[in-house]
Structures are given as C-alpha cells and as structure tokens.
Amino acid sequence: MGKLVLLKLDGNWRDGFRVGLEIGGENARPETILAGNLPANEPLAELLRSHRQVYARGGMMTRISPKRAINVNYREWARDCQQSSANLRSRFREWLSQPGFQRLDLRLREALQPEEAVRLHLQCDHSEVFHLPWHCWELLERYPRAEIAFAPPELSPRYPRTARGGNLRILAILGCSQGIEVERDREFLENLPHAEVTFLVQPLRVELNDALWEREWDVLFFAGHGQTEGETGRIYVNSEEYLTVDELWFALKKATERGLQLALFNSCDGMGLVQKLDDLGIPQIAVMREAVPDPVAQAFLKALLGALSRGVSFYEAMREARERLQGMENEYPCASWLPILFQHPEAVPLQVLPKKKAIASSWRWRAAILVLGVLLSGWGWRSSLATWLNNRAHVNFRAGEWRSVERTLKNALSLDLDNAVAYYNLADLYERSRNIEAAREWYLQATKRGMVAAYARLAALEIDESELDEAQKLVAEGLILIETKGGDRFEKASLWESRGRLAWARGDFAGAKAAFEKALAVQGDRVSSRCWLEELAMREGEGWRRCPN
C-alpha cells in the first residue's frame with residue numbers, strides 16, 4: 001500500500017501562499033495534517049513568465065496550431081532556453097527551501113519510505129503555479145517511486161472510485177497532422193497489450209460526437225495539433241476544424257458517466273483543456289504544458305505505453321516516461337518538463353489489466369485458416385484463398401486494423417509461399433511501423449518472387465542506410481526485370497524515383513532531376529516525385545528542407 005500526499009496552496013505571488021499538508025495511506029483518512037507557507041515571490045513569477053516566453057520562441061516541429069509555425073535561430077534559442085530553465089530551477093528550489101515550507105518538507109521525509117509508491121497531489125487555484133517545475137523538487141530525487149500530479153481547487157464526489165477489469169477500451173483521435181507524424185502515435189497504440197483501440201483519423205465533429213455517445217471508453221487519446229488561446233484549449237481534429245471542450249460537452253459528459261478514466265492529449269499547450277475537462281469529472285488528465293516537439297511527443301507516448309504494458313503503475317509509468325525525455329534535452333531543451341498530470345486524489349489510477357483469452361482466440365483463427373487451406377488444397381484453391389486473404393488484409397489496412405493486417409497476411413503466406421503481393425504488403429506494414437529489419441527481409445522475399453515494386457522499396461531502404469552500391473544493384477535489377485517481364489506504371493515510377501534518390505545521395509543532382517521527371521512521365525500523379533523536384537528547385541547552399549519519402 002502506497003502513500004497519498006496532498007499539498008494545498010492558497011494565495012498569490014504578491015502576498016505569498018498558505019500551504020496545508022496532508023499525509024495518509026491510499027483509501028484512508030490523512031494521518032498527518034500540518035500548516036506552513038511559501039513567501040511572496042513576484043521575481044519568481046516574472047522569471048517563470050520570461051522562461052515561457054523564451055520557450056515559446058522555439059522553431060521546432062511542434063504540435064501547436066499549424067498556422068503558428070515559427071522560424072528562429074535554433075542554436076541561439078536552445079542556449080537561451082537552457083539558461084532560462086536553469087535559472088528558473090535554481091530560484092524555484094530556493095523558494096521551497098524557505099522555513100515556512102521547509103518544515104513541511106522535513107515532515108514528509110520522516111513520514112515516507114524511499115521504497116514506497118507515493119502519489120503527491122498539489123491543489124491550487126492559481127494556474128501559474130502549475131507551470132512551475134515541481135518535478136525539480138529535491139524531495140522527488142530521494143523517492144524514486146513518487147510522482148507529482150495537480151488537483152482541482154475544489155474536490156468533487158463525481159469521480160469514479162473503482163477500476164474496471166479486462167482490456168482497456170481506447171478511443172484514439174488522430175487529428176490534423178500537418179508537418180508532424182501522428183502515425184507514430186498510432187503504431188505505439190496498436191502494439192499496446194491488453195487494449196482495444198478504435199481510431200478516428202481526422203474525424204468530422206459529428207463523427208467524434210457519435211463515437212463518444214455510442215460506446216463506453218476507458219481512455220480518450222488525442223494526437224495532433226493543439227493550442228491554448230487565452231484560457232481556452234483547442235484541438236485541431238482535422239485540417240479544417242478545431243474543437244473546444246465546450247463544443248463536445250454533452251458527449252464527453254456521457255463518456256465520463258460511463259467510466260472514462262483518462263484523457264491523454266499528446267499535443268501542444270494543453271493547459272487550456274484541463275479546467276474544462278476537470279469540470280466534467282474526468283478522473284485523470286495528462287497534457288503537455290507547453291508546445292511539444294513531434295519527436296518528444298512520440299518518445300513520451302512510447303515510454304508511457306511501454307511502462308504500462310509491463311504492469312508498472314500509472315503514476316510510476318508517468319514518471320518513467322517523463323524522466324526518459326531528459327535524454328533528448330541536448331536537442332530539445334526542457335523536454336522532461338512538458339508532460340503534466342491532473343488527477344483527483346480520490347480517483348483510482350488507471351491500471352492495465354491483462355485479458356488472456358485474446359491470445360487463444362488469435363491462435364484458433366489461424367489454425368482454422370490452416371485447416372481450411374488443407375481441406376481446399378485438393379481442389380487447388382489454396383492460392384485463391386491466399387489471394388482472398390491478401391485482399392482482406394487491404395480492407396483491414398484501410399480500416400486502420402493493423403494487427404489484423406499482419407495476422408491475415410501471414411495466414412495468406414501459410415497457404416501460398418509464393419504470393420509476392422502478400423510479402424510486399426507485409427514488408428510495407430513493417431516499414432510503416434519502423435521495423436526496418438523485418439521490412440527489409442520481407443521486401444527481399446518479394447523480389448525473389450519477381451515483384452518489381454519490391455526492388456524499388458528495398459533500394460529506398462538501402463539508400464536511407466547509405467548502402468548506395470546495394471541500392472544501385474537493386475535498381476538495375478528492377479529495370480532489367482521491367483524490360484523482360486513488364487510492369488505497371490506504379491512499379492516503373494517507383495524504380496525511377498529510387499534511381500533519382502540514389503543520384504541525389506551521390507550528389508548527381510542533374511541525374512536526380514532527370515530520374516524524377518521520368519517517374520512523373522510514367523505516373524503523372526506521383527506526389528513524392530513531384531516533391532523531390534520541388535526540393536531540387538528550392539535547394540540552396542549545403543542545406544535544404546528534407547522531403548518526405
């Protein structure tokens with residue numbers, strides 16, 4: 001059984017804050033109640049505001065509104081940000097060392113054991129206090145299983161107090177993704193054990209509203225652009241629309257009444273969402289307190305889901321995911337400062353509880369397919385069934401059911417080992433999920449069965465790894481195969497584009513231009529080749545913006 005600590009701050013920067021401390025066990029009345037104070041500190045408030053202004057100048061690929069892209073001198077900004085964060089951290093810790101608060105700190109150290117799990121809640125009605133780097137409090141360094149969360153100023157009895165067993169039901173909204181890679185968030189969610197994930201990709205408002213009304217959810221997840229204007233948080237659900245909590249109020253209220261436990265927003269500047277979501281009674285809300293760079297958002301989600309899937313408690317998983325971001329701070333200053341958790345102290349933290357029957361059902365399905373293949377083999381239908389399964393996988397892919405795609409394609413190959421399309425599609429699936437070694441192996445299998453497009457994709461992977469001689473060999477073999485066997489326009493254009501990328505990698509920009517133009521001549525609507533040509537036109541000096549593959 002862990003400990004629950006509640007700190008209540010009441011006041012302002014000009015007059016100082018009264019501080020109340022409560023210490024108790026989980027689901028028990030507090031055993032210790034003490035009072036203290038934090039002195040007035042308007043210079044700290046000014047330093048906090050200055051740091052936030054410095055951070056906001058960052059010109060990284062963030063998940064803030066796509067219309068608010070900023071370009072700055074990156075090195076200058078990183079230096080300023082690191083300096084301002086160091087100053088803020090130092091002044092904040094100095095503030096906590098004042099006598100009126102230090103007596104509470106010492107009492108906490110007496111009451112807690114280093115090996116205990118500690119949920120530390122800070123309750124305050126002054127929103128700026130939540131932006132302070134409370135994770136830098138020296139107390140947390142001594143207690144590795146402690147994590148801090150923020151609580152609403154007025155506690156409400158509406159929060160659910162029991163956890164539901166079985167797989168987690170997650171509604172994942174992949175919103176406007178201009179300039180960012182929300183597909184990475186999708187891949188992480190799809191690999192989360194003990195979870196049933198439903199994806200809404202750039203949904204219309206009515207589609208999101210209906211999804212919240214029609215099913216029960218444990219977790220609401222959003223990845224995409226977001227921002228706070230004044231006190232109002234927005235999420236950009238598609239390229240045309242943004243929504244506020246008020247615009248989904250009744251649907252979110254219904255979802256909360258049915259057991260919604262966690263709202264997780266992997267988007268920028270989510271503090272404006274918190275107050276409204278808390279008014280709904282959602283037990284746990286995780287947001288990013290400032291603009292978040294795309295790689296940081298992805299790394300946080302991966303670390304959080306990875307810890308949860310290992311059975312780590314939600315609070316410890318949040319701390320582990322947050323602290324792992326420190327390894328990115330040479331490139332993304334203050335990355336570990338960004339994730340922030342709000343939770344009602346009486347709410348039961350989210351828990352991933354396994355449901356073992358799902359694995360058995362998967363094997364039963366696969367076995368049934370194999371038996372059916374054996375029964376049909378007498379009529380020579382194995383190849384036809386494999387083709388049907390491959391087509392079914394394509395339907396599942398378009399529906400976003402990536403796990404089903406992998407299973408279905410492997411079932412197809414168990415029936416027909418020479419089905420080149422299934423090999424290619426499986427390789428494409430692994431490439432999208434960044435399992436490059438697996439993708440390379442399956443593309444290779446497709447090339448052995450004469451699939452021209454596989455030569456192009458495998459060559460592209462080799463180019464990414466700077467294996468240019470191997471890439472050249474693959475492109476040459478693919479072009480010879482087209483001359484002898486023929487191929488459709490997609491296959492031909494893919495090879496010419498890979499040839500253009502190869503020339504680019506070797507500094508032959510004239511050759512690259514000719515190859516990309518050839519690809520467009522074969523397939524006029526090929527967006528990627530057109531993009532590479534635009535990059536060539538924009539190229540200046542030694543640096544240019546990277547074009548997506």
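What percentage of the 549 residues of the protein chain count as buried?

1. In this predicted model, 52% of the 549 residues in the protein chain count as buried. The accessible surface of the chain comes to about 25800 Å², and carbon and sulfur atoms account for 50% of that area.

2. When contacts between residues at least 6 apart in sequence are considered, 69% of them join residues at least 24 apart.

3. Residue G36 lies in strand β3, which spans residues 32-38. G36 has a relative accessible area of 16% and is therefore buried, given that the cut-off for burial is under 20%. Leaving aside residues up to four places away in sequence, G36 touches F17, R18 and V19, as well as G100, R103 and L104. The C-alpha atoms of G36 and D105 are separated by 9.9 Å, although these two residues stand 69 residues apart along the chain.

4. Helix α19 (residues 509-522) packs against helix α20 (residues 527-538) at an angle of about 150 degrees, and their axes are 9 Å apart. That angle makes α19 roughly antiparallel to α20, because angles over 145 degrees are counted in this way. The crossing of these two helices, α19 and α20, is left-handed.

5. On the α19 side, the contact is formed by F509, A512, K513, F516, E517, A519 and L520, which meet S529, R530, W532, L533 and L536 of α20. By residue type, the contact of α19 with α20 divides into eight nonpolar, one polar and three charged residues.

Definitions and conventions. Residues numbered from 1 in each chain as written. Predicted model: local features only at pLDDT ≥ 70, side-chain atom pairs only at ≥ 80, totals over all residues. Heavy atoms only, no water. Axes fitted to C-alpha atoms, helices over the stretch in contact; angles between N-to-C directions. Helix = DSSP H or I, 4+ residues; strand = E, 2+ residues; numbered from the N terminus. Parallel < 35°, antiparallel > 145°, perpendicular 65-115°, else oblique. Left-handed = near helix turned anticlockwise from the far one by under 90°. Contact = heavy atoms within 4.5 Å. Nonpolar A, V, L, I, M, F, W, Y, C, P; charged D, E, K, R; others polar. Buried < 20%, exposed > 50% of the residue type's maximum accessible area, 1.4 Å probe, protein only. Areas by Shrake-Rupley, 256 points an atom, 1.4 Å probe, with all protein chains shown as cover.
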